Amino acid sequence: MKLTIIGSGYVGLTTGTCFAEVGHDVLCVDNNEKKVETLLRGEIPIYEPGLAELVKKNVAAGRLNFTTSTPEGVDHGDVVFIAVPTPPNPDGSVDLKYIEKVAREIAPAIKEYKVVVDKSTVPVKTGEKVAETIHRYAPDAEFDVVSNPEFLREGSAVADLMEPDRIVFGSNSDRASALMKKIYEPFAAPLLVTDINSAELIKHAANSFLALKISYINAVSAICEASNADVELVAQGIGMDERIGRSFLNAGLGYGGSCFPKDIAAFIAISDQLGVPFDLLKEVERINKNQLDRFIQKIRETLWVLEEKKLAVWGLSFKPNTDDVRCSVAVELVEKLVAEGAEVVAYDPKAMGTFQDLPISEHENVTLAESPEAAAQGAEAIIVATEWPEFANADFMGIKDSLVAPLIFDGRNLLDPATMQGMGYNYHGIGRGREEEASET
Ligand code: UDX
Ligand code: UDX
């Protein structure tokens with residue numbers, strides 16, 4: 001099928017590439033000329049495992065193309081996906097200006113029947129607004145609007161798209177539904193077809209539920225610390241109940257990234273607007289924020305004063321296997337440590353480039369190191385902020401002597417406390433009361 005994706009970022013580019021991979025003829029549109037030039041050269045502007053190879057392969061096969069022209073895009077696709085950003089307003093509600101602009105740009109370019117699919121994460125009832133907008137700018141245009149939320153995780157986006165758990169789309173038209181089913185035929189996954197509003201809600205409700213699981217285990221981690229229990233064992237024990245499941249029960253510094261913080265705030269805002277306040281989610285947000293503050297307090301309890309202390313921060317991306325630093329808790333941690341006068345030497349396997357685009361990277365007390373070991377040279381402590389697998393394999397025996405004292409704060413419970421203690425480290429994880437006590441005795 002001929003498909004168009006408007007917005008070639010993390011979501012649009014991966015989605016378009018996977019559509020091409022299963023045989024569709026895909027044109028990706030982006031208003032950023034530099035990005036399109038890069039893509040046309042066969043390079044990709046982001047780090048996402050497996051994506052570069054797929055882009056190259058499908059461009060070479062002639063199934064994947066790029067342009068800056070929306071009219072050309074609308075002309076090309078029988079189905080036009082919108083995957084532009086939906087950033088938050090200061091009050092947490094969603095700024096829909098890019099969606100509105102794209103709807104306006106699409107409208108005059110519609111010459112024959114098109115399905116316009118919203119892939120961006122939007123509040124319930126946005127589909128109605130998109131349809132109204134297109135209709136206002138092109139009263140004679142023949143089209144249907146569909147909501148098709150994405151559930152891809154950065155770092156495993158290609159696998160999530162190629163072998164999805166489920167495909168959800170919301171449509172109020174049989175004609176549009178038939179085309180959507182055809183697009184997804186090559187993907188062997190359970191399909192749920194709903195009305196548009198329900199599909200939009202599914203995305204916000206799914207992400208909020210996952211964030212709720214994370215905040216739940218983080219709240220439990222605080223109780224573990226107060227009662228000398230181990231949150232890893234608690235998570236394992238409750239996760240063995242199939243009704244609960246072990247995934248998204250990893251205690252740590254809390255959730256970040258371009259989706260959870262924004263989507264939870266957006267769900268709270270739209271619920272308030274609809275007159276049904278979702279207070280449970282306000283608590284989820286509170287716990288998430290508190291988790292980083294509790295962690296910094298733990299560092300203070302040991303180091304007493306952070307001013308002028310050199311701290312090695314391992315990890316800057318919001319999670320492993322991505323270079324994305326948007327709303328990264330690791331970056332927030334760096335900001336907070338520096339605000340207290342600490343000197344941060346940070347290392348990340350993939351995200352140092354994207355980090356350098358952030359204002360905090362310019363701070364005189366922030367430097368980047370070439371390796372985890374180099375970051376630790378002369379530091380008072382190692383702080384694990386992102387659970388990159390390579391950190392678990394660092395040469396801890398070698399590093400030990402280059403630290404002021406062998407001290408580790410593991411914000412993602414990446415390391416095994418007993419092993420670290422066996423090597424002579426004073427280890428502090430999240431919710432691992434028992435080990436912490438052991439390390440002190
Ligand atoms: C997406 C979704 O759009 C967002 O709603 C969802 O919650 C997360 O995923 P993402 O792909 O991560 O966002 O955003 P980004 O990587 O910033 O890509 C968006 C792309 O759209 C950029 O390349 C940008 O240049 C492009 N864009 C933006 C347009 O082509 N037109 C515009 O009007 C605005
Ligand atoms: C998320 C959703 O998982 C995906 O379905 C949706 O489409 C987009 O948003 P993503 O933001 O890429 O994907 O990453 P995810 O793996 O969900 O992690 C989000 C944040 O939660 C990260 O900061 C991660 O470190 C944190 N997290 C995740 C935890 O703290 N504990 C966990 O157990 C899982």
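How far apart are the mean positions of the positive and negative charges of the protein chain? The mean positions of its 42 positive and 68 negative charges are 4 Å apart. Here Lys and Arg count as positive and Asp and Glu as negative, while His and the chain ends are not counted; each charge is placed at NZ of Lys, CZ of Arg, CG of Asp or CD of Glu.

Before you click on, a word about the model. It is predicted, so local features need pLDDT of at least 70 and side-chain atom pairs pLDDT 80 or more, while totals for chains, interfaces and linings use all residues. Residues are numbered from 1 along each chain as its sequence is written, chains are lettered from A and ligands numbered from 1 in the order in which they are written, and side-chain values use heavy atoms, leaving out hydrogens and water.

**Stop 1: the whole chain**

Show the cartoon view. You will find 19 helices and 14 strands; these are DSSP runs, with helices (H or I) of at least four residues and strands (E) of at least two, numbered from the N terminus. The radius of gyration is 24 Å, close to the 22 Å of the globule rule for 441 residues, so the chain is as compact as a globular protein of that length. That radius is taken over C-alpha atoms, and the rule is 2.2 Å times the number of residues to the power 0.38. Along its principal axes, the C-alpha trace spans about 75 × 45 × 40 Å. Of the 441 residues, 54% count as buried (under 20% relative accessible area; exposed is over 50%, partly exposed in between; 1.4 Å probe, protein chains only).

**Stop 2: T322**

Now select T322, in the loop between β9 (310-314) and α13 (329-339). T322 counts as buried because its relative accessibility is 0%. Show its neighbours too: leaving out residues up to four places away in sequence, T322 touches Y10, Y47, E154, S317, K350, A351 and W388, where contact means heavy atoms within 4.5 Å. Its side chain also reaches the backbone nitrogen of D324 at 3.1 Å.

**Stop 3: two positive phi angles**

Most residues other than glycine have a negative phi. Select W304, in the loop between α12 (279-303) and β9: its phi is positive, about 70°, although it is not a glycine. Is W304 buried or exposed? W304 counts as exposed because its relative accessibility is 74%.

Finally, go to N413, in the loop between β13 (407-410) and α18 (417-422). N413 has a positive phi near 45°, and at 10% relative accessibility it counts as buried.

Technical notes
Polar contact = N/O pair within 3.5 Å; in protein donor to acceptor, adjacent residues only side chain to side chain.
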